[in-house]
Amino acid sequence: MAELVIFVLFGVIAIAGALTMVLHPNPVYGALGLMATMLSIAVFYVVNSGHFIAAVQVVVYAGAVMTLFLFVIMMIGVDRAESLEERLPLQRQLAIGLGVVFLILIGLIGGNAWITAPEAAAAPNGTVENIADLLFTDWLLPFEVTTLLLIIASVGAVALAQFDARRRGGEE
Amino acid sequence: MDFNVLSLLIWVPVAGAAVVVGLPRRRAELVIPVAFALSVLTLGLAGYLVFEFEGADGGFQFVEKTAIWSDLGIDYHLGVDGISLFLVALTAFLFPIGILASVNIELRPKEFMAALLLLEGALIGVFLALDLVLFFVFFEVLLVPMYFLIGMWGGERRLDAALKFFLYTALGSAFLLVGIVFLSAQANQQLGSPTFNYLELLDLDISRTAQYWLFGAFGIAFAIKVPLFPFHTWLPDAHTEAPTAGSVILAGVLLKMGTYGFLRFNLSLFPEATVQLATFLAALAVVGIIYGAAVAIVQPDLKRLVAYSSVSHLGFVVLGIFALTSQGVSGGVIQMVNHGLTTGALFLLVGMIYERRHTREISAYGGIQKVMPWFAGFFLFTAFASAGLPGLNGFVGEFLILLGSYSRHPALTIIAAFGVLLAAVYLLWAYERVFTGEPDKEENKALTDIGMREIGILVPMVALIIMLGIYPKPVLDRIEPAVERVIDRIEQQTDFQSPLRIDDIALDDEEVTP
Amino acid sequence: MTDYLWIVIALPLAGAVFLHFFGQRLGEPWAGIVATSTIGAGFIYALVAAGDFFTGTGHGETIHLFDWIAPLGANAELLWDPLSAVMTLTVTGVGTLIHLYSIGYMHGDPRYGRFFTNLNFFAASMLILVLADNFGLLFVGWELVGLSSYLLISFWFTKPSAAAAGKKAFIVNRIGDVGFLIGLMLILANFSTLTYGTVLEEPARFITAGTATAITLMLLLGAAGKSAQIPLYFWLPDAMEGPTPVSALIHAATMVTAGVYMVARAASLFELSAFSMGTVATIGAFTALFAATIALKQRDIKRVLAFSTISQLGYMFLAVGTGAYIAGIFHLFTHAFFKALLFLGSGSVIHAMNDEQDMAKMGGLRTVMPVTHATMFVGWLAIIGIPPLAGFWSKDEILALVFGEGGWYGFLWVIGLVTALLTAVYMTRWMQLTFWGEARWDDGVHPHESPAVMTVPLLALAAGSALFGLINTPFKGFFQPAFEHFLEPSFEAIEMAHLPSGATPYVLAVISVAAAALGAWYATRRYRGENAFERAPVAEGRTGLWRWVDNGYYVDDIIGNLLVLPGKLVAAWTAFVFDSDVIDGSVRAVGGGVRRIGGWLRPLQTGFVRNYAAVTFAGVVGLLVWFVSRGVS
Amino acid sequence: MDVTAGWYLALGAVLFVIGASGMLLRRNALVMFMSIELMLNAVNLTFVAIGRHTGDLNGQVAVFFVMVVAAAEVVVGLAIMIAVFRRRSSASVDDLAVLNG
């Protein structure tokens, strides 16, 4: 029963945050809405015994990534409302139509069976130890590759910024 | 075997390309000597190969095999037999000559030489590969340096020509790739694991319908490369626009990939389809012979004339191959080598005169035998070799092809024989217009005869042309066992019986006509 | 001795190679001397090697040198039998004299050394041809003599007409060679080898008469090309653009007789097909007559002889086509002497007249060139067939043997006889216009007798023309038919034509001598005295048949307009319309088509990221629809 | 009433559709970016839910990897955006249509 309450409460918050992000003309509000959604999702992780990833979700997503978003929004000065008028023909109709069809289809699937696999006796325990066990055994190679990815990403970000600075320096 | 000579043959030039590119810009004068030395080293390796080759053995020798991707059955698998042996030797022979002919290149000589060396490695790889994927990779890789050779160092319409060359051959390669993959899938069904190993694919039992499709897929790729009529139109453009070394390699070796492919893959892998379609391909070849020659007669451009003559000569090769007689196929193989030498020499000669006058128009010349007697002599000699004069190499091939093909395609061969006549017409007519008479144009009077470097380029070719013409036995002896194998295989797999076998010939030396 | 027979070929070949590199530096007269001595040495060697054949104790031998194209049975093997011996001796013997003559004739030519290179090369090629032991090697020689002929005809390459004539000769020969090649294909397909030993031994074992007809007709086409017979004769008159010794050696004495030699060599094949034999004989007879009529009207001193050569070759074809192989070879042998003599004599005249070849500007040379005239007189008598000179014996043997065959051959005999009459007419006219009558020289021309290096070969050839007929007379005792006995071993298995019995041969001989005498008498009267040339039927404005004859029956025009020109037009159409528009056009159309389709699809790429995202999402939805419809849930 | 994995899947689907709609409807590059993040989160939620249902921890490992990739993507993406904005002074993706055909 407690889980149902949590689900409904945070589910509503998550959907409301998501809708705010999509519908609010000002991106700052959008970002804040998304942050709410992410925090709600972190709660769901905990409920589903994903302790480690819940922490990561809060720290990395809600914390670092969304802060970065906000920072960028402020920095490039688009922190004001934008027009929501659609200029591409059919785009809005297409988007809404597709979204509706998608939900209907999901509903069709849900009407039959969500999951065919039998339910496990116990939920897995996503503690740091258990996750680390998997990461450093089965998933070692992909894990190491992600480090490479992160390095490349940071180098790429620096290079993009610097390239741009040099261009501007040349112009001035 | 102490060392992997086949691998060295491929990788020495490729490494050479890297070395040439890596030379520091301030030592630019080293580029040509280094490139030349490396190509001569490759030639030395090829020479070693020819001498160490066991002539009586029709199978593959010097085989090297290392698995690259065993799940897919892709190997690094090299081997040489009598059919590929002389094509490798020809390739190794033509490249030092091509490099020597290009010493006057002014635009980016370093990149030019690197492209040539890369091309050499890939070409040798094509002839040595016994794994279909490896073959395909080499087959495709060499398009890149060739594209740049034409596109960067070519004549006025070089970009069009390079693009046409690239797209046309890439189109054929697409079919080839599909065929190779299909073949491997067949192997997966029949042998339990996919393989691209040529020797294992030979054991497949392919249905007749599948053979037709595969023959078509492989055939289109090779027909474009040869080129068989009506897929030939990329050739005159590419040959004409390419720089001299490019034309020499293009005509001398690149076209042979098509005929080699026919012989190596189509005949052996799809014997049933080969027997059924032989007449059709021979007919295309004969059309090419006559057509190429007829078009060559009226070409106003000397280089285009030689290019169209290639269409005609390669027609002979294909005719010989699809005669499916030992003589015809042997003739086809030796004619590949011969054509490489004679047409290569003709392109070199046209390049030499182009360097002097910067025009290829026949009408711009006239009477230059008087001012360039040496040049005229070499040209006439090569022209006669190309026209199949006995005693020179061209004849041995054509003679074997024509006589070997008759028993299987009588009517076609008789028509093909007129190609010999037309060859004399276009070459001698061109010679007459370019060389004879009094030199009446001022520019022509001031021409200087070829110098020592140019003579040095031509003399080895001339020597080989004579040698192959008078004493082709060492070459034929090595080709024949391999060719016999191909024919034997076709006879075993189908109910086809070769109408003419060497064994039949009664060699009664004792008998003397009264 | 025969083991080293290759020396006969190698000597002139080595001479050619040597002179190719050093000939020009060696210069006059050493290049000529080297060339002459190589072929002279070859002659002596051949003479010694043929010794056994003279005594009748020799037998045919095959000498294997090395494998050439073994899969075809075409190896470097030489055959040394009486027939090849006769040919070898003719080629080297007459060749030596002509080489010698050339030393003087080519005096002062800037490419003196190169000339002897080519001449020596020709001799080597011709020897390969006659000594070959298989059709493959024969074909090698066959083509190589064509090459040397090309090189020598266009020797003065700065003259466009000479270059064109050389090309024409080579190409027309190649037409015949295609036929020859097809013949070889048929031979290989039926015999699986090209070796004479297998093919000629007993061909009936392998082939039917029909196949034999096909093979021999194809070979005949080759022979017609090389020996300038109808329909491929028309290159020979143009070939006179070459230096005169070339005309003498190649286009009279040796190369052009290769066709006759080949037919005689392949006699056992030809024997299998009566039709082919008849064709050979008929072609020969008609060529003889046809060329003789054209010769009546030529004004170029060498062209008369060229047509005469064609005509005489016709006799030889007539002979071999009748089965009179030995008679044909005999005529070949004697003709080599007297025709070489006539050519060299005309060369001597041309030399003396400052390179003038038009007989309209000659006449009266008898007094200023006595030696030349005397030798020409012998040649003249020999060719028109006055006994006891060489031409009489060979020509009349042919005519008698043809007569003896009867039937259609009887008709051919009539043609032969008419040709003999015409031969007397045109040769007498030739003598008249050149040596006799009044002088019509241009101003500033001062004819003189040629130097000894030129007249000695003339004398030697004149002696040969006069005497060599006697080696094959149909009598007994000292004048026995020695030549026939010599050659017989080569034709053992062949059924030869027989002479008519009784007195008929003698009657026939009288008839033909009478015809020759009649022709000579008529021509002497017609072209004698003042204004001989104007009265000669060479003047302009003639009509009717003469006009046709005057222009060589317009054969060159017909070929030019009906074959060469349309051929070029077809080639041009193929190249510039069909190839560039149709074949390459469709290639370009494919490329253009791809480009056009790309043009149609281009607007789909709007550049708006959100459009792309929408399409992607639509794809996701589509996939989901597919899953749901498949019941994957 | 038990909250089964199906509930979470439904929620994930709704969030995914909202994210996708945002992607299609908004032309502010930053908002589009955030929509992408939302879609990723929605998928992550389904991973975790199904992982719980089947008792498999690998679902959570997958989420971990998605987060890492998302973090890297955000870094580069924002850097590109800043660079573009400096050049064009606009965050609207509709202005960036120079690659049209």
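# Briefing on a predicted four-chain model

Read along the sequence, chain A follows the pattern α-α-α-α-α-α, with a secondary structure that comes to 6 helices and 0 strands; here helices (H or I, at least four residues) and strands (E, at least two) are DSSP runs, numbered from the N terminus. The radius of gyration of chain A, taken over C-alpha atoms, is 21 Å, well over the 16 Å that the globule rule gives for 172 residues, so chain A is more spread out than a compact globule; that rule is 2.2 Å times the number of residues to the power 0.38. This is a predicted model, in which local features need pLDDT of at least 70 and side-chain atom pairs count only at pLDDT 80 or more, while totals for chains, interfaces and linings use all residues. Residues are numbered from 1 along each chain as its sequence is written, and chains are lettered from A and ligands numbered from 1 in the order in which they are written.

**Confidence**

- The model scores ipTM 0.80 and pTM 0.85.
- Chain D averages a pLDDT of 86, with 98% of the residues scoring at least 70; pLDDT is the predictor's confidence in each residue, from 0 to 100.
- Within chain D, confidence is highest in helix α2 (residues 29–54), at a mean of 91, and lowest in helix α3 (residues 58–88), at 87.

**Chain A: extent and domains**

- The C-alpha atoms of chain A fill a box of roughly 70 × 45 × 25 Å, taken along the principal axes.
- Of the 172 residues of chain A, 28% count as buried, a residue being buried if 20 or more other C-beta atoms, placed from the backbone, lie within 10 Å of its own, exposed if 12 or fewer, and partly exposed in between.
- Among contacts in chain A between residues at least 6 apart in sequence, 57% join residues at least 24 apart, where two residues are in contact if their C-beta atoms, placed from the backbone, lie within 7 Å.
- The domain assignment, whose bounds come from an automatic or database source, gives chain A a domain 1 (1–77 + 106–111) and a domain 2 (126–172), and the C-alpha centres of these two domains lie 23 Å apart.
- The contact between them takes 5 residues from domain 1 of chain A and 4 residues from domain 2 of chain A; on the domain 1 side these divide into 2 nonpolar, 3 polar and no charged, with Ala, Val, Leu, Ile, Met, Phe, Trp, Tyr, Cys and Pro counted as nonpolar, Asp, Glu, Lys and Arg as charged, and the others, Gly among them, as polar.

**Contacts between chains**

- Among the 4 pairs of chains that touch, the most contacts are between chains A and D, where 64 residues of chain D are in contact with 71 residues of chain A.
- The contact between chains D and C takes 11 residues from chain D and 12 residues from chain C, and the chain D side divides into 7 nonpolar, 2 polar and 2 charged.
- No contact joins chain B to chain A, whose closest C-alpha atoms lie 21 Å apart, nor does any join chain B to chain D, where the corresponding separation is 22 Å.

**The hairpin of chain B**

- Strand β1 (residues 61–69) of chain B runs antiparallel to β2(B), to which 6 bridges join it; two strands pair if DSSP finds at least two bridges between them.
- Strand β2 (residues 74–80) of chain B is mostly covered, with 5 of its 7 residues buried, and His77(B) in this strand is the bridge partner of Lys65(B).
- The hairpin has 4 residues between the strands, and in it Gly73(B) takes a positive phi near 75°.
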